[in-house]
Amino acid sequence: QVQLVESGGGSVQAGGSLRLSCAASGYTYSRNSMGWFRQAPGKEREGVASIYTGGGDTYYADSVKGRFTISQDNAKNTVYLQMNSLKPEDTAMYYCASAEGVYFYGPYGLQSFRYTYWGQGTQVTVSS
C-alpha cells in the first residue's frame, strides 16, 4: 500500500516562498507519476504540477508556471514543490498524489481522477 505524507505548509506573506515535501513509501514500481493539487474553500481541486519520476518530465498549470517548481529525490522517494512569489490566491490545502507505474503526458498529469493514492494535505496560507 502506497502512503504519501506531505509537509512544509504554513503561513507566508505575499511574495514569499515555501517548499512542500511529499514522502512516499510502499511503492512496487520505481517509475511513477506524482502530482501536486490544491483546493481552496468552495472551489474545485486544481492540478498544480506533475512529474514523472522515471524521466523527470514535468508539467505546470498556467497559474503557477514560472513561480513553482516540482522536483524529485529518488533516493529519498520524495517529491518537492518549491513555491516562489506566492500570491494570496495560492492559499489552499495542497495535496500530493501518486499513480504507480504510470506516465502521464503533459496536461493529463493535472487531472486528479487519474491518481490512485493521496496524501492528507498541508495548508498553505498567503496573506497580502
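Colleague: How many aromatic pairs does the count come to?
Modeller: The count comes to five aromatic pairs, where rings of Phe, Tyr and Trp (its six-membered ring) pair if their centres lie within 6.5 Å; planes under 30 degrees apart are stacked, over 60 edge-to-face, and the rest tilted. This is a predicted model, so local features need pLDDT of at least 70, side-chain atom pairs count only at pLDDT 80 or more, and totals for chains, interfaces and linings use all residues. Residues are numbered from 1 along each chain as its sequence is written, and side-chain values use heavy atoms, with hydrogens and water left out.
Colleague: Why is the pair of Phe37 and Tyr115 called what it is?
Modeller: It's edge-to-face because the ring centres of Phe37 and Tyr115 are 5.3 Å apart and the planes are at 75°.
Colleague: What about Phe104 and Tyr115?
Modeller: Phe104 and Tyr115 also make an edge-to-face pair, with 5.2 Å centre to centre and 70° between the planes. Phe104 is buried too.
Colleague: Which residues do ring pairs link into a cluster?
Modeller: That would be Phe37, Phe104, Tyr115 and Trp118.
Colleague: New topic, charges. What sits over the ring of Trp118?
Modeller: The charged end of Arg45, 4.7 Å from the ring centre. The rule wants NZ of Lys or CZ of Arg within 6 Å of the ring centre and within 35 degrees of the ring normal.
Colleague: And where does Lys65 lie?
Modeller: Over the face of Tyr59, with 5.9 Å to the ring centre.

Notes
Buried < 20%, exposed > 50% of the residue type's maximum accessible area, 1.4 Å probe, protein only.
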